[in-house]
Every structure is written in C-alpha cells, then in structure tokens.
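Try each task with the structure open, then read the worked solution.

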Amino acid sequence: MKDEEIDRPPAMKIRQGIQDAMTYSLPDKKFDEKNIDLVEIDIELDKLGWNFHNFRILNLTDIHLGQWISPEYLDELVDYVNTLNMDLITLTGDYFSYNLEDYDKSLEKSFKKLKAKYGKFGVLGNHDHWMSSKKVREIFKNSGIVDLSNDVYTLEINGDFLNICGVDSCTVCSDNLDKVLAKMKENTPSILLAHEPDFAKESSQTGKFDLQISGHSHGGQFIIPKFETTPLRGPDSRKYPVGLYKVRDMIQYTSKGLGTNSFRIRINCNPEITIITLKTNKKQKIKII
C-alpha cells in the first residue's frame, strides 16, 4: 500500500505546530538517564548456539521526535546508548508523529551516530507511514540501518545462526508475514520486530518465532501500581500493552517506548530503553582432563 492511499489523522500539521511550541517551552529538554527506565531482561531461546549466549540487544521505540522529544534530547540519548556497548540495536517504529519536514535531518544525524557491534535493524510504525515511509526508509539507508520491513537478516557467529526478522506496520495493512516466513533460515532461533504488540497473535501461530519485540502502546502512559499493567489500551495493543507475555510458544515483549502521543503524561510509566540478553538452554560439556 502506498502512503498516499493511507488514511491519516486530520489536521496533522496543526497538531504538530501546537506541540512544537509546547516541546520547546519545556524546562527539561535535556536527556537525563535518571528519568529513563533501563529495563534489562534475560530471554532463553531454544536452539540458540553458544556463540550467541549473552548476546545483548538494545531496543528503542516510539521516539515521536518533535512531540515532547526534541532533537537535542535524542542526540544526548544516543550518546548514552553508545556507552552501553551493545551487540545489536533494534528500532521498532514511530520515529515521527505529525510532522517530518522539520525533523528528518535531526533523526538521520542521531541514527547515524548509533553504534552496535553487529549492526542496527529497524521496522516502521503507523506514524512513519502517515508521514512518509519513503523518507523514513531513506533515513534508514543513509544511517546504516537495515530496513527489516517484511524481511529477514540472518546473523552468523562462528557457525551459529540467528534470524532477525521484521514485519511492517499492521495498523496500515503493510504487514506481509508470508514474505518473512519464506525468507527465514530453517531450524534457526528467530526474533521478530513488529511495531504493534497484538501482532503476536498472528506471529505466534506460525510456530516460527521465539521472541517478538514491539512498542506502539507507550505502556498506556499509566501503569497501575502493583499490577504492572495498564487500563489504557489502544488499537493493536489491547492484549499485550506493556511488558513480558507468553503467547503460545513465543515470548512477546512490549516496551513503554521513549516518547508519547498527544499528551505528555506518564504515571508510574517512565520512558524506556530495553536491553534483552539472549541465553542458550543448551548444555555445555566440559572435558575433564
């Protein structure tokens, strides 16, 4: 589906114009790691080779640049991410909100700076299609980010393999899971990047994915204390709005994301950078000499 055929929210420019003014009037435009949840999760994958044991993946999602998050904030956040020395960086959509023209160069500058040993991989969210999927893909290309929209990249480390897969936004009907399945290396542990968490219902039915990483929900922007869930659930994030889930034999993780949409309100729901450490469940034999 072409971007010009996608239904967009009305008055996008007006919304962004208002939010531009509010973003730059904020007293806390600078990034401060104390205001971010650095969420670290260990995920055990079947068939994961020992060369991927303790492999670290950092996920960023829902930046919504220009809507409460300024280019300066993002640039400082990227500097912080680079100090963490990740094996892989994944990006799961909604880099813009309602205006791309004034922020595309800033996003490209920050994305170029992102560093990870085995590369940077991303998919698009619904807002990216509403703005311009063509422009976002151009930013990916110029920034050295592998576009995994309905695609697969198979990593190899010393004879062990890991499928990094991605599906395009299902909100705008751009997903094509069959295309992904046809490209996957068989009998290989597989991770799926999907902007919308409720896509897990479909992806889990294939039995081909071990882990899906998503955003989209912003954690509902309000998490009920002690229950660690949210009552505020939008389209495509009603079933799996925040945190870790088991969906059939697949693990689903939904990040709270970095930015917010419309309202700059987060209650018990800090912005999030996610670090996922992969673990093998294979037994290691040690020779006794």
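**Exercise 1. Find which residues Leu193 is in contact with, leaving aside its neighbours within four places in sequence.**

Solution. Start with the contacts. Contact means heavy atoms within 4.5 Å. Leaving aside neighbours within four places in sequence, Leu193 touches Thr90, Thr92, Phe121, Gly122, Val123, Leu148, Cys165, Gly166, Val167 and Ile213. Leu193 lies in strand β8, residues 190–194. Helices (H or I, at least four residues) and strands (E, at least two) are DSSP runs, numbered from the N terminus. Now take one partner, Gly122. Leu193 and Gly122 are 71 residues apart along the chain, and their C-alpha atoms are separated by 7.5 Å. Last, check burial. Leu193 counts as buried because its relative accessibility is 0%. Buried means under 20% relative accessible area, exposed over 50%, partly exposed in between (1.4 Å probe, protein chains only).

A note on the model: it is predicted, local features need pLDDT of at least 70, side-chain atom pairs count only at pLDDT 80 or more, and totals for chains, interfaces and linings use all residues. Residues are numbered from 1 along each chain as its sequence is written, and side-chain values use heavy atoms, with hydrogens and water left out.

**Exercise 2. Describe the secondary structure, burial and contacts of the protein as a whole.**

Solution. Count the elements: the protein has seven helices and 12 strands. Then burial: 56% of its 289 residues count as buried. Then sequence range: among contacts with a separation of 6 or more, 76% join residues 24 or more positions apart.

**Exercise 3. How do the axes of helix α2 and helix α3 cross, and which residues meet?**

Solution. Locate the helices: α2 covers residues 71–82 and α3 covers residues 104–113. Their axes come within 9 Å and cross at roughly 5 degrees. So α2 is roughly parallel to α3. The angle classes are under 35 degrees for roughly parallel, over 145 for roughly antiparallel, 65 to 115 for roughly perpendicular, and oblique for the rest. Now list the residues. From α2 come Pro71, Leu74, Asp75, Val78, Asp79 and Asn82; from α3 come Ser106, Leu107, Lys109, Ser110 and Lys113. By class, this contact has four nonpolar, three polar and four charged residues. Here Ala, Val, Leu, Ile, Met, Phe, Trp, Tyr, Cys and Pro count as nonpolar, Asp, Glu, Lys and Arg as charged, and the others, Gly among them, as polar.

**Exercise 4. Are Asp62, Asp94 and Ser97 buried or exposed, and where do they lie?**

Solution. Take Asp62 first. Asp62 lies in the loop between β2 (55–60) and α2. Its phi is near 55 degrees, a positive value in a residue other than glycine. Asp62 has 0% relative accessibility, so it counts as buried. Move to Asp94, in the loop between β3 (88–92) and α3. Phi of Asp94 is near 60 degrees, again positive in a residue other than glycine. Asp94 is buried too, at 2% relative accessibility. Finish with Ser97, which lies in the loop between β3 and α3. Ser97 is buried, with a relative accessible area of 0%. Ser97 and Asn261 are 164 residues apart in sequence and 7.5 Å apart in space, C-alpha to C-alpha.

**Exercise 5. Locate Asp32 and say how exposed it is.**

Solution. Asp32 lies in the loop between α1 (12–24) and β1 (37–45). At 27% relative accessibility, Asp32 counts as partly exposed. Compare Tyr73: it is 41 residues from Asp32 along the chain, with 8.7 Å between their C-alpha atoms.

Note on methods. Axes fitted to C-alpha atoms, helices over the stretch in contact; angles between N-to-C directions.
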